[in-house]
Protein chains: 2
Amino acid sequence: MKKVPHEQHGDVRRLVLDAAISLIESDGPESLSMREVARRAGVSHQAPYHYFKDRSGIFAAISQEGFAALANAFRQVQTDGTLDTTSPAKAGFTAYLRFAREHIGHFRVMFRADISGLSSHPEAHECAEDAFTELLNMVARTVGHSADTQDALTFALMLWSQAHGLATLFLDGPLESRMGSRLDAEKQADAVIELAAHMVSLEAREQGLIPARY
Amino acid sequence: MKKVPHEQHGDVRRLVLDAAISLIESDGPESLSMREVARRAGVSHQAPYHYFKDRSGIFAAISQEGFAALANAFRQVQTDGTLDTTSPAKAGFTAYLRFAREHIGHFRVMFRADISGLSSHPEAHECAEDAFTELLNMVARTVGHSADTQDALTFALMLWSQAHGLATLFLDGPLESRMGSRLDAEKQADAVIELAAHMVSLEAREQGLIPARY
DNA sequence: AGTACTACTTGACAATGTCAAGAGAAAGGG
DNA sequence: CCCTTTCTCTTGACATTGTCAAGTAGTACT
């Protein structure tokens, strides 16, 4: 049995990660500093190195966490009631945007090849693969194709691109000044989602994919 | 008259910028260092400060250049013959992807709020606005709406999201390992473009927007 | 000739990432 | 009980970075 020595095991690791994430949320990944993170976690400047190999190790851990959460979000969309209420595409888009908004610190790291660490950290890479597989399953299920079809892949990539572009442009893009308030931006995003989902339904109908659902 | 003092005026500025861009292309914006850039440009470590206020000034100049080039690309799509050969949406998507591929150094900076400097550097911001205006015009013209309609805006944002997501995912995203070769990726991207363009044409037809063109 | 300006250079400093070397507590075995 | 190992964290040191301050060589203008 393990006795806790006044703090839970991994407490510092969590503190460091959370400090890093909140730092990324407020100032972007660019200005994440090992020492600032340590300071905010209330530990010495070398403590983070016990849990992460180096700065890129922190990024890798964050993107791993992020992709795991994203895979989870995809799974939830499938099991939630949300999927049936309106079009599945709309549910997917909305879920993706919500994920990005709620995990913006993760989101900013996950899709940046230079810092995500996906190529050098296999654990993180595997989580990314899982998330993609989950997306493929989701698309295949709602669209009625088997997941390994070329068509299903193309369809999934198209949906992902649409959702991802929307999230990126609205959360970190050069649009902020164009729309006045945050509320306007949200309405605008909803309108785009509506339009995109409508187009998906048109395409699905034309392809004869479970048109009953739409 | 101005005598050239052995090198053209602004030569160093260009050298610095190019060094920065090529550094970003190979290693990402994260690892752009003022001193390394100076080293590659063959000047002292402070020379860049004569042309750029600080590190973020270099990023701002790059995103300014990038948005100017993007606006140009949008204009070309409208005047080129390309627009008439196939669907306008396909031409737009292809142009956007080509722009991203050919100016990947710029592209990686332009859409990152934390380093693009759009909020703090008005010149860069203006170029971004121009590019967006050009996109709006392009969409409005091909779609037959006036550019200041709410519908045209939503449509433009949808198209931009689709194109941007595609570019981001394929150029810097976690997809690399999924597709085998670069050639596969290109084919995959083309398939997605084809699908997306087809959906756009369906939507346009349903909305009664210049269906003759499609 | 002298003054001002341009386009740099050299020097210095605080902050950062990271390596090396501990230090202290806990755990386990004898 | 002591001894050793391991785990978790700290202190110290060093090269490198961004940036401020000050200098300097050449050109332009009066």
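**Entry 1**

I began with the cover over the buried residues of α1(B), which includes α2 (34-41), α3 (48-51), α4 (55-79) and α7 (104-110) of chain B. I count two residues as in contact if their C-beta atoms, placed from the backbone, lie within 7 Å. The model is predicted: local features need pLDDT of at least 70, side-chain atom pairs count only at pLDDT 80 or more, and totals for chains, interfaces and linings use all residues. Residues are numbered from 1 along each chain as its sequence is written, while chains are lettered from A and ligands numbered from 1 in the order in which they are written.

Which residues of α1(B) are buried? I found B:L15, B:V16, B:L17, B:A19, B:A20, B:I21 and B:I24. Buried stands for 20 or more other C-beta atoms within 10 Å of a residue's own, exposed for 12 or fewer, and partly exposed for in between, with C-beta atoms placed from the backbone. I kept a general point beside that list: an α-helix has 3.6 residues a turn, so residues three or four places apart point the same way.

I then checked the length of α1(B), residues 11-27: its 17 residues should span 24 Å at 1.5 Å a residue, and the end C-alpha atoms are 24 Å apart, which agrees. The expected span is 1.5 Å times one less than the number of residues. Helices (H or I, at least four residues) and strands (E, at least two) are DSSP runs, numbered from the N terminus. Just after α1(B), I noted a positive phi of about 85° at B:G28.

**Entry 1: B:A20 and the core**

I followed B:A20 next. Leaving aside neighbours within four places in sequence, B:A20 is in contact with B:L32, B:V37, B:I58 and B:I62. B:A20 also turns up in the largest nonpolar core, which has 131 residues; A:A20, A:A156, B:A20 and B:A156 are those with the most contacts inside it. By nonpolar core I mean a set of buried Ala, Val, Leu, Ile, Met, Phe, Trp, Tyr and Cys residues joined through C-beta atoms within 7 Å.

**Entry 2: a glycine in α4(B)**

Is B:G57 buried, exposed or partly exposed? B:G57 is found in helix α4 of chain B, and it counts as partly exposed because it has 17 C-beta neighbours inside 10 Å. I also looked up B:G57 against B:R108: they are 51 residues apart along the chain, and their C-alpha atoms are separated by 15 Å.

**Entry 3: α9(B)**

The 22 residues of α9(B) should span 32 Å at 1.5 Å a residue; I read 31 Å between the end C-alpha atoms, which agrees. Its buried residues include B:H125, B:C127, B:F132, B:M138 and B:T142. Among the elements covering the buried residues of α9(B) are α4, α6 (88-102), α10 and α11 of chain B. After α9(B) comes B:G144, with a positive phi near 85°.

**Entry 4: chain A as a whole**

Chain A has 11 helices and zero strands. Of its 214 residues, 45% count as buried. Among contacts in chain A with a separation of 6 or more, 63% are between residues 24 or more positions apart.

The domain assignment, automatic or from a database, gives domain 1 (1-52) and domain 2 (55-213) of chain A. I found 11 residues of domain 1 of chain A in contact with 12 residues of domain 2 of chain A. On the domain 1 side, α1(A) gives the largest share, six residues.

**Entry 5: where the chains meet**

How many residues of chain B are in contact with chain A? There are 39, touching 38 residues of chain A. α10(B) supplies the largest share of the chain B side, 14 residues. That side divides into 20 nonpolar, 11 polar and eight charged residues. Here Ala, Val, Leu, Ile, Met, Phe, Trp, Tyr, Cys and Pro count as nonpolar, Asp, Glu, Lys and Arg as charged, and the others, Gly among them, as polar.

The same surface serves both copies, as 97% of the contact residues of chain B recur in chain A.
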